[in-house]
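Okay, hi everyone, thanks for making time.

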Amino acid sequence: MLSRLRSALVVEWLQRRSLRIVFFVLVLIGVSFLAEYLTLRYLESTWESVLERTSNEQLLAVKTASTGVQRRVRRIAAEVARHPDVVQYLLGASSDLSSIFDQAVKVSRNQDVGVEVFDRSGTMIAWHGRSGYVNSREVQIALQGALTSYIARGPIYSQLFVISPIRADGRIIGAVLVRQAVEVSYPLSNKFISRAGLAEQLSEDLSVPVEIDFGERAEPKKDGRYISAELNGIDGRKLGAVSILKMSRSGYLELVSTIFQKARAFLYFLLLVFACLVAAEKLRKAHSVLLESVLVTALIWSVRYLMLICEIPSIFWASSIFDPSHFASKFGGGIAKSIGEMTISALALLLNALVVASFSARSSSERGRLFERHPYVLKVLYAAGATTVIYLMLRAYAATIRSAVFDSTLYFNDPRVILPTFDLLMMVFNLIAIGVSFIIVASIMALWIVHLLTRKSAGSRMRWLPWLLVGSLFVVASVLFGELQETPLMSTGIRLLVGAVLLYITVRLNAGRAGLLSPKIATVIFGVSILVLYPLLDQFVHERDRDRVEVFARELLRPVDTWLTFVVNESLHTFATDETFSVLMNGDREEFERLAFTCWAQSSAAKQGYSCAFSVFAPNGEELSRFAIGEQTSLMLQAADSTWSKQSSTVDVRELGSGADAVKIYSGVIPIVAVDQVLGYGVVVVSLSQQSLFRGETPTVFRTSSQENLENFYRPITLTEFRGDTVISSTNTELPVYFVLPRKVHERFSHPGVMSFWNSEHIGDNTYEVFYARRSLMENKAIALGLEEAGLRWHLIGFVRLILYYTLVLLLAAVVAMLVMWARQKPYRLTFRDRLLGALLATAAVPVLVIAFYARTFASDRLTENMSDRLAREIEAIDEMYRFEVEADSTSREDIALAAQRLAWRTKTDFNFYVGTTVSGSSRPELFESGILDRRLSGSAYENIFVRGKRFYLEKESIGLYQYAVGYQPVLDERGKIAGLISVPTLYRQEEIDREVAQINAVLFGISAIIFVMIAVIATTFANRIAAPIHELTKATKRLSLGDLDVRVHARAEGEIGELIRSFATMTKDLKRSRENLVQYERELAWKEMAKQVAHEIKNPLTPMKLALQHLRQTYKDKVENFDEIFEEVSQMVIRQVDALSRIASEFSSFARMPSARLEKCSLNDVLREAVYLFEQDTRVKFATHFGQHIPPIMADREELRRAFINIIRNGIQAMNGEGRMIVTTEQQNGGVEIRIRDFGVGIPDEIKGKLFQPNFSTKTDGMGLGLAIVKKTVEDMQGSITLESVVNEGTTVIVHIPLPQVQHG
Amino acid sequence: MMVVMRFALLCSIVLVLPFASASSQTERQRDFRNVFEEIQQGFETATVSLFSSYFATQVQVNLKGEESGYFSSNHAYYILEKYLKARKVVSFEFTSVSEEAAVPYATGSAVFNHKGGRENAQVYVSLVQSEGRWQIAEINIY
């Protein structure tokens, strides 16, 4: 009540000052324009000084950031240097080298740095982290006792090195080197090289390009467009140079302008909010509920579009959900142009639906009057029309879901993911909100259809007719919508399901047992919206996958000669860059070696993901650099040699190899010319192999983020190539060796004009949807792209997610509801059932969760164990084969590399071979050449194998964000000593591991979810059954406290609760009997009192009458002279006394009369107005009336009611001695109407308050004192109540509460 | 006389047909050139709506430093709009258009002002014939 009053006061305050507020905000907006103009003019006029100041600030920020990094690394180095294990070992007090390695590994992993420990002689004894250039001179300086730092550029990162001396007992016993990456110099960008360099981070923070050139030779730029300075270390040594692009004037002014724009957007938003408040208040005065609904709808959507135009809230909140990268649809002019915008629109739709629902509950009479007089046939037609509208809305909902899938890059139903990302969660929330809105509106329409078709005059036998008609309409509409639409967006089954659900909700609403917004119905609506959403999502995702497959097939079949010639030509241009010229002119050996890789990384061939080889040759033909990637790299490198020697100016196309191994290659050469001098030659060879999918075999580790996005499928795709009926190549490992083109496919292709089609096939244990396509009718080549059908794992994960979303939405709704109730100062109180249910769920669910958690941990450990065993076995096999096949037969490094690749290809296992701590052979040399993998053995692997002597060691390693496992095994010589190490990384098999993990997740979480659902159902059933009798008992007790002695508890229960119910029944009976006896006694007492009082009152006038008549008789006898006067006097007095007697008799009669009230529909407000009107004529009393809007009429005796109000008002006026002020208010609340009549009179003392409603009690000199007793009786006859609040000398408020009939109060 | 007329008719058909097919081929070539022109104009003026009607149902979009992948036509519209909104187009030009293949493509270069710096990029756009009209299958800005 208080909060409502507060909000009403606020709104009233706003309304009264609306013009002023609008004016004020508009002035502020105007001021902002003016301020923007003046600020921009000022900045323009003082631009030079602003620029200098800003640039200096930016330079300072860069230096501070650089210093911060240095301090951090120094601190880490100092901590390691002080560590007791390190000190003890270096002092010779301990021989536990493992402990130093442990320390190095721990610091390296926790701080993301590289650590190396040196002894006094400068020999490295322990390390962890990537290797890099170690300046031995710097190490020596540290061993002399000085802390030293420098920057060195590596293949991937430029690193800051800090070398700290280790001191003990006053002498230097060693040194510790800590290195941290500060800049990324790697040309590729993907999840493996994820670290942003210092320059990039600063560019982001300062919003200007920042370039940092690390190295002692780096010089500040002399370009006037930059502010440039040297970057020094803490010790004063030069680290490099920093250059910051000076902000352009227009760019800076635009930035400042944006700030003002944001401020104005906020002001527009304030105006919007204010306008909404005022409009909402005005809308409350609309007389028609339907009109109100329409106006509110218009208001909601006007606000929505205004927010879109003003870019609210995206202008303030730069979140990823307002970025169209994940989702964007053109629907509605942009109200769904990102996930965030769609969320706002979904919330607006939901609000609209809820408002319509609440209005609908109030407009039942209005609804009933619409079309009342129309013939029944027409009503059936209207109903059919409304049903069509419902199904059109359903189609629109399905179209929304389709858009959410097709116009987005989100992964719905990904089996690898249990918990959704934030973007996905928001999108699912949007779809659920829209689904809920649709069901709410559709339910209202369905209810209207039922009411429309219900004949008031129909007997009980015909009551089923409207339901039959409605059901038939839904069924017919479901079927017709499927038949008539060219592209039905959903199956008939789903339409029928939705129709059935709507019917169910309508039945419940019509029965009046629950409102549309009641918790039970709301829970059903939520559940249904998800039940409908999931299969539709699945269906559309499936459609999208098929579309994507067709697009890929088109890509694979397009003519490639022209395209690949273009790719080669474009790639050749990457050799003609300043960086290449610089390296060729001044570079060192290491830079030469990396040149081919760098050119590859920037080329179109890399971006498209083709297998290719890049080589750089000196003018004399010496190969300076090479890099090859993909399949058959050696073949391509050989082709590169021959291409250089040909020196052709056009792209050469030829086929290498024969038969199934034939490979078509495209190669070209370009001279690298600078200053009219040929510095060298660049050669590019690109191969086309249909074996690869997505036009390339670039391993994931070399794919750029953009390429990864091209390949976003979570169901594996296989590619098979046919020539005639024979399989040429296939990526499907389950495809039998002798598989031929199926006959059905062959027949389809034999039809003229058929270029592509879908087919379903069983291969192995799986079913595939296969898309067959061919380039032309002439060729006998065809490709088949196969999509594995979603299996049990898929659906289990989907089921888990369904439960998860449902639970999340319910929890969110519950939290919101609790917050709303708390804000209204009516906090939700947990019932016995809630507590019981909570206890049961907690008791049952917690062990399930614990078991699931441990099961998953156990499964994960088992997976790791299995992986270790598998790796160990593979390593052993590789070891043996490597010795006999690779080392024995190969003489040169190239031969070893080629043989190693063949071995890896045959065994489908990649491996690396180490001698000492450096890699000496690998099946994937490009990973080391490009710097992705470190040539140096990891410190922990060295410690475990060489120091601890383990026979197998499994380590989790990471490249950037990507984690993978590596198995290490020592290779022993004839004497049993460790000659080397073989490692097998799982880098290329992560998909397999991911799939296994997904399977574990699916099984464990799926089963857990099923169990949890069963527990929830059982617990709810038990809680309901146990709590039901207690709930009944509670309700009965409440009714008893309100005076209903006829209440009965019908619930059945055994045990103590049954005993309690029986005791309650007995108690109620006894109470009723006692009450009846008491009432009887009181009635008798009252009658006695009444009779006494009546007798007394009657006697009062009789006595003077008798005396007067006696006096008259005497004067008549005495023949007194003034007999006429005396006669007149006496007769007047007698008449007066007779009037008094008559009044007494009337009052008594009114009080005693058994009410046979004349009931009619009457408006309480009108009756009060009439009562007030009677007294308003007296201008000495001022009346203030505040009557509530939309108070429904009640059935009552209008006259009785009016007399009761007159009585109360009269008492109030009398208390004010006939003048003053009175306030009369009515308000609908608590299931009834509260009438308050307040006077500002003398008030009523506490001791009298309790007696005021007693008959024959009065504080006045005249009257029977029955007035208020009659009022009370009148009110109580209407099941109402009357109370009063009074303060002496301040006034009295009479509060009458009259309940409204059930159907009328909302 | 009738024979002569018929012969003349036959000859005229035989003579006109190649021109007709050449004309239709030329018409076809002109069609895709128009599309490339509109794309160029759209990028020059940073107005995606000038060429968004040509998007295929699935468009491959690769944008330097930004999104890459397959997008629906609706989605591609907003991706490109966002890309161009964040940049000021200094120049955008197709330098060569292939005429031979059934999949015509155009290559060129673009220069943008982005975050205060100048960005150079190579451009590649390819079309595909579908439902009797040219549609944009791929837009790459490297």
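Let me start with a question: how do H12(A) and H14(A) lie to each other? Before I answer, some housekeeping. This is a predicted model, where local features need pLDDT of at least 70 and side-chain atom pairs count only at pLDDT 80 or more, while totals for chains, interfaces and linings use all residues. Residues are numbered from 1 along each chain as its sequence is written, and chains are lettered from A and ligands numbered from 1 in the order in which they are written. When I say helix or strand, I mean DSSP runs numbered from the N terminus: H or I with at least four residues for helices, E with at least two for strands.

Back to those helices. H12 of chain A covers residues 376-406, H14 of chain A covers 464-484, and they pack at about 45° with their axes 10 Å apart. Axes here are lines fitted to C-alpha atoms, for helices over the stretch in contact, and angles run from 0 to 180 degrees between N-to-C directions. Under 35 degrees counts as roughly parallel, over 145 as roughly antiparallel, 65 to 115 as roughly perpendicular, and the rest as oblique. So H12(A) and H14(A) are oblique to each other. Their crossing is right-handed, that is, the near helix is turned clockwise from the far one by less than a right angle.

Who meets whom there? On the H12(A) side you'll find, among others, A:Val380, A:Thr387 and A:Tyr391, and on the H14(A) side residues including A:Leu469, A:Phe474 and A:Phe481. By class, this contact has nine nonpolar, two polar and no charged residues. Nonpolar means Ala, Val, Leu, Ile, Met, Phe, Trp, Tyr, Cys and Pro; charged means Asp, Glu, Lys and Arg; the others, Gly among them, are polar.

Staying in chain A, let's look at a sheet. Five strands form an open, antiparallel sheet in the order S20-S19-S23-S22-S21. S20 (918-922) and S21 (953-959) of chain A stand at the edges with a single partner strand each, so one side of each has no neighbour in the sheet. S21(A) is joined to S22(A), residues 962-972, by seven bridges; two strands pair if DSSP finds at least two bridges between them. One bridge partner pair is A:Glu955 with A:Val966 in S22(A). Helix H28 of chain A (939-947) packs on this sheet and touches S21, S22 and S23 (978-985).

Now, chain B. It has two helices and six strands, running α-β-β-α-β-β-β-β from the N terminus. S1(B), residues 55-63, pairs with S6(B), residues 133-141, in the parallel sense over five bridges, with B:Leu63 opposite B:Ile141. S5(B), residues 117-130, runs antiparallel to S6(B), joined by eight bridges. Those two form a hairpin with two residues between them, and B:Glu131 in the turn has a positive phi of about 55°.

Last stop: where do the chains touch? In all, 32 residues of chain A are in contact with 26 of chain B, contact being C-beta atoms, placed from the backbone, within 7 Å. H16(A) gives the most to chain A's side, with four residues. That side divides into 11 nonpolar, 12 polar and nine charged residues.

Key
Contact = placed C-beta atoms within 7 Å.
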